[in-house]
Amino acid sequence: MNDSITPAWSLYESGLEYNRKINLYETNRKNERFYRGEQWDGYDRDLPHPVFNVTRRIVDYLVGAISPQNITIRYTDEKLPYLDSSALQKNVSDGLRLLEQYAAYRWKTDYMGEIANRALLNAAVSGDGVFYCWWDSSVNSGQPFSGEIRTDVVDGANLFLCDVNNPDIQSQDYIMLSGRAPVIDLRREALEAGVEEAMAEKIQPDDGDLSIPEREGSDKATYLIRFFRENGKVVFEKSTHYCVIRRAMTGLRYYPVVLFNWLPRKGSYHGSSPITELIPNQKYLNSAYALVMKHMNDTAFSKVVYDKSRIPEWSNEVGEAIAAVGGGTVADAVSVVGVGQLEPGYLDLINNVVNTTKNLMGATDSALGDERANNTSAILALREASMVALRQVSARFSRALGEVATIWADMLCAYFPAERLLPVETEAGVIACRPDYRLLSEEILRAHATYSDNSTFSISATVALLGNLLSGGHISAQQYLQALPDGCIPERAALISELNTEGGEVDLE
């Protein structure tokens, strides 16, 4: 029996070695522990173990500040200006608008807001957020055609690139994802793909990289999904240590993977996490508070010191007499030691460390909502200033969402037959259309995502601005209602419908 390892497995072992070289796995484990609140592992065991989780407070704010709201996806075609027919240009433009409406539908039905937040949190904890788009052939579409596009989040440690010094996914000779699955499922998949039974039996349980604990006896094996190009098209290959499960031409032009770095690391496709730099400060805060607690426990209560040669044993029982042996003044044999005094500057130092740490990370009191709103305009200005440090992170994440939408369009052109209807989101609701997939597949499609941040202040500012425009007569009541952020007015659609049908005015005061 030939027990030679698969080509993908050799590449996988090389990728593991690189990740260990940059200490990726241990750094990620430590960052995750500190975010979760497990912050006393392995040091200062004689102290109390309080946890004041400033790390999670800061990270939750950073993720929430960038979390996409009211996202808009726009498609462009780089070939559009050069098409020699105005009719062809119109057909392509109409197809682009349908893609935009489909992206809006896909975002809502796939709960992409939640998926995007998971990728953001992954990036904040480990430095990398990874989206993986794949074709789920088991989904019933409600038409004579099965299959649908799925978008998942993959741990950054499970992504391996050919050129580890280049974070550009689409320029790689190959990319690879690793995962874990039960052996019985992998063998079944191999047999269904036409693999001989003897070869499928080579799929055996293994320990993986042990980065995630598993139930003993779970009988799981590591599988690898490798993407590479042949003649400009992406090839899909799934394999294990000794068995290639299946291989297929996808028809895709783009690798269906998107990488987002929270903070790019020079010379590496892996990014850096803000938690890594927070850990020393978090350790100090916990230790400092622990020392204060220990000091208070040791010195908060007065102690009695007595002369044992004259008083054999001291009792704290109420009203009990204490016998003294020998002459002299009894007061000379007993004294009380008062409570210890804590240097007040020590607590000031702790508070200063907390405030300075939050401010340097952009999580100011105004941004966190901990400042009293005596002057809304000033607080809004302070919050906007705190967001400056996150603009680059937000721009990278916006680019990543645009790349996800580009992959959606690529997969539509590759996997949807011409007869299949496309669900799109319109103002009237979800309707079905039939774009010319063949025409779009010949274009150079790009998607760009824009969104507003998740901010109560930005919503308040928007409402105030719209109110001023309405009061000044610059917009109508209908325009005011349509432009309001979601959730500001209940039954907004009914009010707009009433304006449209009756032509009346609505009192918005």
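Where is tyrosine 111 found? Tyrosine 111 sits in the loop between helix 4 (86–109) and helix 5, where helices (H or I, at least four residues) and strands (E, at least two) are DSSP runs numbered from the N terminus. Before I go on, please keep in mind that this is a predicted model, in which local features need pLDDT of at least 70 and side-chain atom pairs count only at pLDDT 80 or more, while totals for chains, interfaces and linings use all residues. Residues are numbered from 1 along each chain as its sequence is written, and side-chain values use heavy atoms, with hydrogens and water left out.

Tyrosine 111 is not a glycine, and yet its phi is positive, at about 50°. With a relative accessibility of 60%, tyrosine 111 counts as exposed; the terms here are buried for under 20% relative accessible area, exposed for over 50%, and partly exposed in between, with a 1.4 Å probe and protein chains only. Asparagine 23, in the loop between helix 1 and helix 2, likewise has a positive phi, of about 60°, although it is not a glycine. Asparagine 23 is partly exposed, at a relative accessible area of 41%.

That brings us to helix 2. Its 13 residues, 24–36, should span 18 Å at 1.5 Å a residue, and the end C-alpha atoms are 18 Å apart, which agrees; the expected span is 1.5 Å times one less than the number of residues. Among the buried residues of helix 2 are Leu24, Tyr25, Asn28 and Phe34. What covers the buried residues includes helix 1 (7–21), helix 3 (54–66), helix 5 (112–126), strand 4 (159–161) and helix 8 (274–299). After helix 2 comes glycine 37, with a positive phi near 110°.

Now to the sheets, where two strands count as paired if DSSP finds at least two bridges between them. Three strands make up an open sheet with antiparallel pairing, in the order 3-2-9. Strand 3 (146–154) and strand 9 (257–261) stand at the edges with a single partner strand each, so one side of each is left without a neighbour in the sheet. Neighbouring strands of this sheet are turned against each other by 25° on average, direction ignored; axes are lines fitted to C-alpha atoms, for helices over the stretch in contact, and angles run from 0 to 180 degrees between N-to-C directions. Helix 5 packs on the sheet, touching strand 2, strand 3 and strand 9, and its direction makes about 145° with that of strand 2, contact meaning heavy atoms within 4.5 Å. Helix 12 also lies across strand 2, strand 3 and strand 9, and runs at about 180° to strand 9. Strand 2 (residues 128–140) and strand 9 run antiparallel and are joined by five bridges, with glycine 129 opposite phenylalanine 260 in strand 9.

Phe260 also belongs to an aromatic cluster, together with Phe131, Phe397 and Tyr451. Rings of Phe, Tyr and Trp (its six-membered ring) pair if their centres lie within 6.5 Å, with planes under 30 degrees apart counted as stacked, over 60 as edge-to-face and the rest as tilted; a search of the whole structure finds 13 aromatic pairs.

The other sheet to discuss is an open one of five strands, antiparallel in its pairing, in the order 4-5-6-7-8. Strand 4 and strand 8 are at its edges, each with a single partner strand, so one side of each has no neighbour in the sheet. Helix 1 lies across strand 4, strand 5, strand 6 (220–230) and strand 7, running at about 105° to strand 6. Strand 7 and strand 8 form a hairpin with four residues between them, and in strand 8 the bridge partner of lysine 238 is arginine 246. The charged end of lysine 238 sits over the ring of tyrosine 223, 4.5 Å from its centre, the criterion being NZ of Lys or CZ of Arg within 6 Å of the ring centre and within 35 degrees of the ring normal.

Last, alanine 418, in the loop between helix 12 (391–415) and strand 14 (422–426), counts as exposed at 53% relative accessibility. Leaving aside neighbours within four places in sequence, alanine 418 is in contact with Arg434 and Tyr437. The C-alpha atoms of alanine 418 and tyrosine 437, which are 19 residues apart along the chain, are separated by 6.2 Å.
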